Amino acid sequence: MAERERLVVASREFTTDGGPLTLNILASADGSPSFGYQFLDQNGDVTESLETYGADSLQALLFCITAAGDYLQRFVPSASFADLGETALLTTDLSVSGEWRAQVSLPAILPT
């Protein structure tokens, strides 16, 4: 799919040991159940990208967000969102056999 046919539908900024990193989630303009992600460095250069597909657009979006979380967990472990010390993205739960599961971990910020 050509880049001009894609629309950024979500974005998140991370801090890393190597500098700022931006995640863009891209939707297909043709209505197919697919989403893509791009990681951009501080110069706006794409450092990693992937396209995901699903049975419907919600499944494709979940796969896309999880694939982005898995990438950061494995290849950019210093990535942190909003100074939380973690990405706060879904990641694949590898403890289960025979099914795909994703999980998210977010620090609780409780009112004082």
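Start by selecting Val9 in this predicted model: beyond its close sequence neighbours (up to four places away), Val9 touches Ile25, Ala27 and Phe35. Val9 lies in strand 1.

Four of them form an open sheet in the order 1-2-3-4, with antiparallel pairing. Look at the two edges next: strand 1 (6–14) and strand 4 (46–53) each have a single partner strand, so one side of each has no neighbour in the sheet. On average, neighbouring strands of this sheet are turned by 20 degrees against each other, direction ignored.

**Strand 3 and its partners**

Select residues 34–40, which make up strand 3. On one flank, strand 3 pairs with strand 2 (residues 21–28) in the antiparallel sense over six bridges. Two pairs to pick out here: Leu23 has Phe39 of strand 3 as its bridge partner, and Asn24 stands opposite Gln38 in strand 3. Follow the chain between strand 2 and strand 3 and you will find a hairpin with five residues between the strands. Click on Gly31 in that turn, where phi is positive, at about 85 degrees.

Then turn to strand 4, which pairs with strand 3 in the antiparallel sense over seven bridges. Ser34 stands opposite Tyr53 in strand 4. These two strands also form a hairpin with five residues between them, and Gly44 in the turn has a positive phi of about 85 degrees.

How many of the seven residues of strand 3 are buried? Seven of the seven are. In a regular strand, side chains alternate between the two faces of the sheet. Show the side chains here and sort them by face: Ser34, Gly36, Gln38 and Leu40 are on one side, with Phe35, Tyr37 and Phe39 on the other, and both sets are buried.

Next, select residues 57–75. This is helix 1, which lies across strand 1, strand 2, strand 3 and strand 4 and runs at about 25 degrees to strand 3.

Nonpolar side chains in soluble globular proteins tend to be buried together. The largest nonpolar core of this model has 17 residues, and those with the most contacts inside it are Phe14, Leu23, Tyr37, Phe39 and Leu72. Strand 2, strand 3 and helix 1 each supply at least two residues of this core. Helix 1 gives the most, with six residues.

Leaving out residues up to four places away in sequence, Tyr37 touches several residues, including Leu23, Ile25, Leu50, Cys64, Ala67, Ala68 and Tyr71.

Stay on helix 1 and pick Thr66, which has its place there. Thr66 has 1% relative accessibility and therefore counts as buried. Apart from neighbours within four places in sequence, Thr66 is in contact with Leu90, Thr91, Thr92, Trp100 and Ala102.

**The largest pocket**

Turn on a surface for this stop. The largest pocket has a volume of about 200 Å³. Which of its 14 lining residues are the closest to its centre? They are Gln73, Glu86, Thr87, Leu89 and Thr91. Helix 1 gives the most to the lining, with three residues.

Select Gln73, which is in helix 1. With a relative accessible area of 52%, Gln73 is exposed. Gln73 and Thr87 are 14 residues apart in sequence, while their C-alpha atoms are 8.2 Å apart in space.

**Two backbone angles to finish**

Most residues other than glycine have a negative phi. Asp83 is in the loop between helix 1 and strand 5 (91–92), and its phi is near 55 degrees. Ala88 lies in the loop between helix 1 and strand 5, with phi near 60 degrees. Which of these is exposed and which is buried? Asp83 is exposed, with a relative accessible area of 71%, whereas Ala88 counts as buried at 13% relative accessibility.

Note on methods
Residues are numbered from 1 along each chain as its sequence is written. This is a predicted model: local features need pLDDT of at least 70, side-chain atom pairs count only at pLDDT 80 or more; totals for chains, interfaces and linings use all residues. Side-chain values use heavy atoms; hydrogens and water are left out. Two strands pair if DSSP finds at least two bridges between them. Helices (H or I, at least four residues) and strands (E, at least two) are DSSP runs, numbered from the N terminus. Axes are lines fitted to C-alpha atoms, for helices over the stretch in contact, and angles run from 0 to 180 degrees between N-to-C directions. Contact means heavy atoms within 4.5 Å. Buried means under 20% relative accessible area, exposed over 50%, partly exposed in between (1.4 Å probe, protein chains only). A nonpolar core is a set of buried Ala, Val, Leu, Ile, Met, Phe, Trp, Tyr and Cys residues joined through side-chain atoms within 4.5 Å. On a 1 Å grid over the protein atoms alone, a cavity is a set of points where a 1.4 Å probe fits but cannot get out, and a pocket is an open set with protein on both sides within 12 Å along at least five of seven lines; lining residues have an atom within 4 Å of a point. Grid points are joined across faces, edges and corners, and a volume is the space filled by probe spheres set on the points.
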